[in-house]
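Here are a few friendly notes to read with the model open beside you.

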Amino acid sequence: MTESLPTPGVPAPDAPTAQVVRVDIWSDVACPWCYIGKRRLETALDRLAERGFAPRVEIEYHSFELAPDTPVDFEGTEVDFLAGHKGMPPAQVEQMLAQMTQLAAAEGLSYDFDALRHTKTLTAHELLHHAKAHGRQVEMKERLLKAYFEEGRHVGRVEVLADLAAEVGLDRDEVVAALEDHRYADDVQADIDQARAYGINGVPFFVVDGRYGVSGAQDPAVFVQVLEEAAREAATV
């Protein structure tokens with residue numbers, strides 16, 4: 001679904017310069033569709049490059065908590081969480097997760113819901129802002145999603161997050177200090193406020209050049225169409 005965005009009540013990210021397409025993505029580390037959406041966007045970028053139409057794309061991730069009331073140490077499986085959170089029968093949840101696993105596999109992802117450690121993602125969002133400040137946000141986002149959905153890592157704990165951050169080249173001690181003093185908490189809240197201003201109720205949600213909104217993990221063809229249009233408009237500025 002592609003839509004024009006309403007004028008938000010909170011200042012939007014800086015406008016892109018000519019011939020640069022900016023993609024702002026609201027997503028949650030604990031969102032299975034967000035990882036699939038990331039892969040589909042990447043597929044779209046590859047298709048554009050193959051066609052010789054490859055605008056410079058700047059990607060920034062923004063915070064969104066799907067279940068902010070989740071405890072850091074949730075005692076139970078992903079089936080337990082979803083059955084309780086959504087009020088669905090466990091058998092229906094298991095079927096839904098099996099279908100999601102198949103969808104992820106089609107994108108080259110190996111979801112392991114049996115190993116998954118459901119947790120509150122607020123601290124992980126703070127880490128993404130720290131990574132952004134050090135030029136490693138996209139790499140950090142990929143590492144967090146893989147750790148959560150494929151490796152069963154506990155991404156709600158500072159020590160685990162610091163280990164993952166070190167893997168993408170961030171200073172581990174600096175990460176621990178940043179997460180323990182919550183210096184990026186206001187930035188996370190600003191993202192959430194911006195999402196509310198845009199009317200975003202679910203993720204992933206992609207904002208292209210501050211003008212086009214793409215809701216959900218759409219087919220790569222949708223992203224190709226929007227990116228081509230945005231690039232053409234940027235080139236005329």
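How are α4 and α6 oriented to each other: roughly parallel or roughly perpendicular?

1. This is a predicted model, where local features need pLDDT of at least 70, side-chain atom pairs count only at pLDDT 80 or more, and totals for chains, interfaces and linings use all residues. Residues are numbered from 1 along each chain as its sequence is written, and side-chain values use heavy atoms, with hydrogens and water left out.

2. Helix α4 (residues 122–133) packs with helix α6 (residues 158–167) at an angle of about 30°, their axes being 10 Å apart. The two are therefore roughly parallel to each other (angles under 35 degrees count as such). T123, A124 and L127 of α4 make the contact with V158, L161 and A165 of α6 (contact means heavy atoms within 4.5 Å).

3. In helix α2 (residues 78–86), E78, V79, F81, L82 and A83 are buried (under 20% relative accessible area, with a 1.4 Å probe and protein chains only). These buried residues pack against α3 (90–106) and α5 (137–149). At the start of α2, a side-chain oxygen of T77 comes to within 3.3 Å of the backbone nitrogen of V79. Just after α2, G87 has a positive phi of about 65°.

4. Do have a look at Q137, in helix α5. Q137 counts as buried because its relative accessibility is 6%. A polar atom of the Q137 side chain lies 2.9 Å from the backbone nitrogen of Y61. Beyond neighbours within four places in sequence, Q137 is in contact with I59, E60, Y61, L128, A131 and K132.

Methods: Axes fitted to C-alpha atoms, helices over the stretch in contact; angles between N-to-C directions. Helix = DSSP H or I, 4+ residues; strand = E, 2+ residues; numbered from the N terminus. Parallel < 35°, antiparallel > 145°, perpendicular 65-115°, else oblique. Buried < 20%, exposed > 50% of the residue type's maximum accessible area, 1.4 Å probe, protein only. Polar contact = N/O pair within 3.5 Å; in protein donor to acceptor, adjacent residues only side chain to side chain.
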